[in-house]
Amino acid sequence: MNRTLEEKFPLKIISSRQEGNQLYFICENEVELRVTVLTDRMIRLRYATDGVFENDFSYAIDTRFKPKTPSVEFKEKEDHYQIITQQLTCRINKSDLRVIMMDKLGTVICEDEKGFHWEDDNTNGGAIVQMSKKLQSQENFYGLGDKTGKANMRKSRYSIWGTDSYGYGVDTDPLYKNIPFYYGIHNDTSYGIFFDNSFRSFFDFGHERANVTSFWASGGEMNYYFFYGPELMDVAEQFVDLTGKPELPPMWALGYHQCKWSYYPESQIKEITSEFRKRKIPCDAIYLDIDYMDGFRCFTWDKEKFPEPKRMIKELEKDGFKTVVMIDPGIKVDKDYWVCKEGLEKDMFCKRADGPLLVAPVWPGDCYFPDFTRPDVRDWWAGLYKEMIAELGVHGVWNDMNEPAIFLADNFTQSDKTFYPDVRHDYDGNPCSHRKAHNVYGMQMSRGTFHGLKQNAPDKRPFVITRSTYAGGQRYSSGWTGDNLATWEHLKIANKQCQRVAISGMSFIGSDIGGFIDQPDGELYLRWLQMAVFHPFFRTHSSGDHGEQEPWAFGEEIAELSRRAIEFRYRLLPYIYTTFWQHVSKGTPMIRPLAFLEQQEKDTLHRMEEFALGDHILVCPISQPKVDGRWMFLPKGDWFNFWTDEQTPSNLEFWASTELDEIPVFVRAGAVIPSFESMQYVGEKKRPQIYLHLYYIKGENNSQFYLDEGEGYGYENGEFTLRNYLVVGDKNKLTISQQREGDFENLCQDFKIIIHALPEDLKNVKVGEETIKFSKGKDRKKEVFEIKVNRDFEEIVLDW
């Protein structure tokens with residue numbers, strides 16, 4: 001930090017009191033600390049420099065969050081106070097208000113260094129609020145969402161300020177999304193800190209001072225939440241519980257999406273979609289970028305390029321394609337344009353400090369910008385989607401340029417290419433400048449869009465994608481990682497970014513496959529596609545001025561291998577959908593770095609390329625050209641090579657051989673992986689065949705399989721099936737038992753169970769008391785056994 005201003009600190013505590021789960025500490029110089037114990041593991045700390053707190057409002061905190069108020073013991077000692085739950089002790093020093101978090105054994109988890117301090121901001125008013133903590137021995141850090149650097153953030157510094165970072169690189173910071181939440185881990189114990197302050201903020205993990213981690217903001221309150229694990233996954237679940245779980249998406253949104261800037265006119269759209277079906281390459285969504293609009297005016301159509309959008313969308317839907325369109329925040333200054341006219345009449349647009357409307361150039365030229373931090377503006381914005389969604393039948397909306405980004409002169413820095421600092425915002429009844437509202441602008445835009453889809457297609461699940469958001473934005477939208485490049489380095493960056501965003505609360509994330517800027521060669525495109533099969537959001541997007549980027553654009557060999565990769569994604573949809581349901585139910589991230597699988601193993605804390613999708617599948621992308629394998633690491637446990645069923649060494653680095661048509665994929669022993677038969681789009685087959693891939697284990701493992709209609713809200717009324725599997729094996733037999741919940745009946749009557757990696761040839765299969773037949777066959781490079789059973793079986797015993 002630049003020390004140009006005087007640092008100020010709390011003085012000694014002169015009074016304290018407890019009111020239920022809230023505790024208050026007042027210092028000699030009127031500094032006040034309010035501590036709220038939300039659960040046994042979650043504590044909020046809020047500081048005021050003069051004893052006056054702002055209105056307690058946050059866009060990040062889910063209104064559905066219900067604190068599990070624990071019993072709280074409050075003790076006064078000679079030199080400190082203690083706040084004690086069943087899991088934590090929060091110690092507060094009387095002399096200087098510094099805080100130490102300890103587990104129930106008294107082990108230090110997190111400890112203030114200088115603790116809370118501030119500098120008066122004589123230019124803008126208020127204060128620059130700061131927190132510094134001791135960096136523990138062997139401590140490592142993860143999170144902060146949309147960042148490109150090392151997955152382990154120790155020795156790094158980052159800022160949080162949504163920025164249109166076209167063509168960003170490995171050292172570019174900040175980027176598009178704003179998630180001021182991080183994990184710390186040392187001595188096999190994890191914690192998390194969420195700094196809920198929407199001003200521009202900064203995080204330093206031993207970069208400036210090697211023994212200190214710190215975070216600070218250019219205004220607002222020092223207001224943070226502390227989460228105790230002790231496992232990283234425990235912290236992840238608590239953060240999502242606090243900031244909100246998304247709805248289940250429509251299943252088609254987990255299929256493959258094709259996008260370009262831009263596909264037009266209608267004839268080109270039809271040519272692209274017909275080619276997918278002709279080549280039998282599965283695809284569920286086609287995107288329209290800004291060129292579908294009339295002069296880039298949002299909520300309009302260029303009638304020459306798309307003369308009958310309703311007919312086109314209906315025809316595409318009949319062929320299995322959902323139409324997703326882009327909507328930006330900038331509304332063209334044009335008094336004859338209905339959205340502009342209505343926005344002016346209803347006073348919906350942002351204004352400068354002295355009253356004039358904010359006017360700034362984006363794609364249409366000069367634009368006005370809605371103040372999405374006003375509830376009535378969000379309602380108005382939601383209503384604008386009526387024609388597009390309810391009448392024309394558009395299926396999804398893509399919000400771009402909502403950092404917010406504007407076009408300014410070349411002498412402005414990239415981070416300056418946004419609204420002027422004096423622009424005023426309502427902030428839901430808490431008026432402020434753009435300094436405070438900037439980081440939530442994109443989130444509140446996607447919120448309005450989300451509700452626009454819900455109210456105009458109430459029987460459908462909304463699908464929204466956003467470039468910018470704030471913590472908690474997962475409640476409204478999916479996301480992608482922005483304007484990347486067609487390079488091998490960016491394949492690696494995309495891998496790390498998606499892991500980081502997922503563990504920061506927003507699991508529905510993906511990258512522009514192949515790179516948005518420039519054109520990849522066939523090998524790079526294929527390797528990227530193979531990685532993205534395991535990312536929740538699965539879309540190719542490119543800038544059309546750099547060439548074509550459809551799966552067949554790189555020759556017939558790559559087209560065929562791309563078809564196989566995308567087809568594989570569709571077979572995995574039941575597993576991916578189940579993983580999404582787990583995220584919605586418990587807050588578990590869908591994609592997980594190795595440290596989240598085995599945090600006690602020190603090697604996992606520094607691995608950046610391997611990741612898990614859900615509970616049982618682990619992937620390591622190929623991130624270099626012209627190689628026949630790569631070095632990688634599997635965490636402790638028994639794992640099988642997905643392609644060969646060979647048992648693979650774990651808890652050590654090894655060479656994973658591979659070919660052009662595959663990347664290293666491994667399955668945990670004892671897993672049950674649900675899958676579909678091949679399909680060209682979600683819904684093509686009303687009751688697709690369901691396969692359960694069962695893997696041998698010497699021991700036991702649990703798996704889940706969740707399925708519903710994939711659309712609509714019947715699941716809220718019990719129209720779902722949840723199947724819990726317990727697999728138990730020894731050297732002579734393997735048993736799988738099934739327990740069922742839910743009333744969903746729209747699935748195939750019989751399941752096919754594919755049995756993998758048995759130590760010897762199968763001899764006998766019993767379902768309950770009945771002995772049934774089995775068959776032996778080949779699945780790619782491996783021998784497997786197959787049985788067909790009623791979907792409602794209770795127990796199957798295999799022996800050899």
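Is Lys-8 buried, partly exposed or exposed, and at what relative accessibility? I found that Lys-8 counts as partly exposed, at 28% relative accessibility; buried means under 20% relative accessible area, exposed over 50%, and partly exposed in between, with a 1.4 Å probe and protein chains only.

**Basis of the entries.** I worked on a predicted model, in which local features need pLDDT of at least 70 and side-chain atom pairs count only at pLDDT 80 or more, while totals for chains, interfaces and linings use all residues. Residues are numbered from 1 along each chain as its sequence is written, and side-chain values use heavy atoms, with hydrogens and water left out.

**Overall fold.** I noted 11 helices and 50 strands in the chain; these are DSSP runs numbered from the N terminus, helices being H or I of at least four residues and strands E of at least two. The radius of gyration is 27 Å, close to the 28 Å that the globule rule gives for 800 residues, so the chain is as compact as a globular protein of that length. That radius is taken over C-alpha atoms, and the rule is 2.2 Å times the number of residues to the power 0.38. The C-alpha trace spans about 80 × 70 × 50 Å along its principal axes. Of the 800 residues, 64% count as buried. I also looked up contacts (heavy atoms within 4.5 Å): among those with a separation of 6 or more, residues 24 or more positions apart account for 69%.

**Salt bridges.** The structure holds 67 salt bridges, each being a side-chain nitrogen of Lys or Arg within 4 Å of a carboxyl oxygen of Asp or Glu.

- Lys-8 pairs with Asp-120, the closest N and O atoms being 2.4 Å apart. The pair links distant parts of the chain, 112 residues apart: Asp-120 is in strand S9 (residues 108-120) and Lys-8 in the segment before strand S1 (13-19). Asp-120 is partly exposed, with a relative accessible area of 29%.
- Asp-428 pairs with Arg-378, with closest N and O atoms 2.9 Å apart. Asp-428 sits in the loop between strand S25 (424-425) and strand S26 (432-433), and Arg-378 in helix H5 (residues 375-384), 50 residues apart. Arg-378 counts as buried at 7% relative accessibility, whereas Asp-428 is partly exposed at 21%.
- Arg-592 pairs with Asp-615 at 3.0 Å between the closest N and O atoms. Arg-592 lies in strand S32 (residues 591-593) and Asp-615 in the loop between strand S33 (611-613) and strand S34 (617-619), so the pair ties together parts 23 residues apart in sequence. Arg-592 is buried, at 4% relative accessibility; Asp-615 is partly exposed, at 32%.

**Asp-799.** I located Asp-799 in strand S50 (residues 795-799). Asp-799 is partly exposed, with a relative accessible area of 26%. Not counting residues up to four places away in sequence, Asp-799 touches Asn-732, Lys-733, Leu-762, Lys-763 and Asn-764. Lys-782 is 17 residues from Asp-799 in sequence and 19 Å away in space, C-alpha to C-alpha.
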